[in-house]
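Here is a short report on helix packing and the nonpolar core. The structure comes first.

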Amino acid sequence: MNILDKIVIDKHKEVELRKGLIPVSQLEYSVLFGRQTISLANNLRNSKSGIIAEHKRRSPSKSVINNTLNVQDVAAGYENAGVCGMSVLTDGKYFGGSLDDLLTARASCNLPLLRKEFIIDEYQILEAKAFGADVILLIAAILTREEIKQFSELAKSLNLDVLLEIHNEEELHKSIMPSLDMLGVNNRNLKTFDVSLDTSKTLSTLIPNDFVKVSESGISNIQAIKELQPFGYKGFLIGENFMKTDTPGASATEFIKNLGQ
């Protein structure tokens, strides 16, 4: 069994538990449920840098990345740096994140926030909206076409953007539908954890231009972005590169400045 399978099994248990603790009606009554969302897809379309910066404490592939920073400083730093959006990991067991991180980020910046999570249930989409997200992530590798349709349409009805993540051509073909805003190509093979930008390059020609193309994982330098831009990528998700420094905001500022040169 690979790490993704393990995460999904644990996620089903976790979501059942959460449903028992906070009913849907309570999520819908939350202060943030009615807020006007900010479109990450629009930000990326109109940006030169296209950086989506991540808050991530640890990961199964790298163990601890940074446990000492508070989300508030990271979010404010990213906003000052001029990133297009912020990705907040909310998985606790494998990534050390939580929905509280999302709430804190929401209170600390006006960036579009992506809830980075393994979504396997509609309940998590309502949670995302209630905790201040603007965007949800759907991972094609763990969902059927029917689930992708159901989840993305629910997200759109809540004015949330949808970023769908794929790893290969098969996942791309099963996923293409009008209720998606962005297609993210993950350059990391989730079974082996190997990273290759060729994944983004190869799949780019197969992604229709109606979708904003986003490249994820393994983007740690300016060169990688310059290499991917000619393939039509408008968004670049950068996690570990900023988070492994003491001041992710300053690192992002420097990165974007160098990218513009």
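## Helix 4 against helix 5

Helix 4 (residues 71-81) packs on helix 5 (residues 99-108) at an angle of about 45°, with the axes 8 Å apart. Helices are DSSP runs (H or I, at least four residues), numbered from the N terminus. Axes are lines fitted to C-alpha atoms over the stretch in contact, and angles run from 0 to 180 degrees between N-to-C directions.

Helix 4 contributes Val71, Gln72, Ala75, Ala76 and Glu79 to the contact; helix 5 contributes Asp101, Thr104, Ala105 and Ser108. Contact means heavy atoms within 4.5 Å.

## Helix 1 against helix 6

Helix 1 (residues 3-21) and helix 6 (residues 122-130) pack at about 60°, their axes 10 Å apart. This crossing is left-handed. Lys11, Val15, Arg18 and Lys19 of helix 1 meet Tyr123, Gln124 and Glu127 of helix 6.

## Nonpolar core

The largest nonpolar core has 90 residues; Ile51, Tyr78, Val83, Met86, Ile125, Ile136 and Met182 touch the most other members. Such a core joins buried (under 20% relative accessible area, 1.4 Å probe, protein chains only) Ala, Val, Leu, Ile, Met, Phe, Trp, Tyr and Cys residues through side-chain atoms within 4.5 Å.

Beyond four places in sequence, Tyr78 contacts residues including His55, Leu111, Phe242 and Pro248.

## Basis

This is a predicted model: local features need pLDDT of at least 70, side-chain atom pairs count only at pLDDT 80 or more, and totals for chains, interfaces and linings use all residues. Residues are numbered from 1 along each chain as its sequence is written, and side-chain values use heavy atoms, leaving out hydrogens and water.

Conventions
Helix = DSSP H or I, 4+ residues; strand = E, 2+ residues; numbered from the N terminus. Left-handed = near helix turned anticlockwise from the far one by under 90°. Buried < 20%, exposed > 50% of the residue type's maximum accessible area, 1.4 Å probe, protein only.
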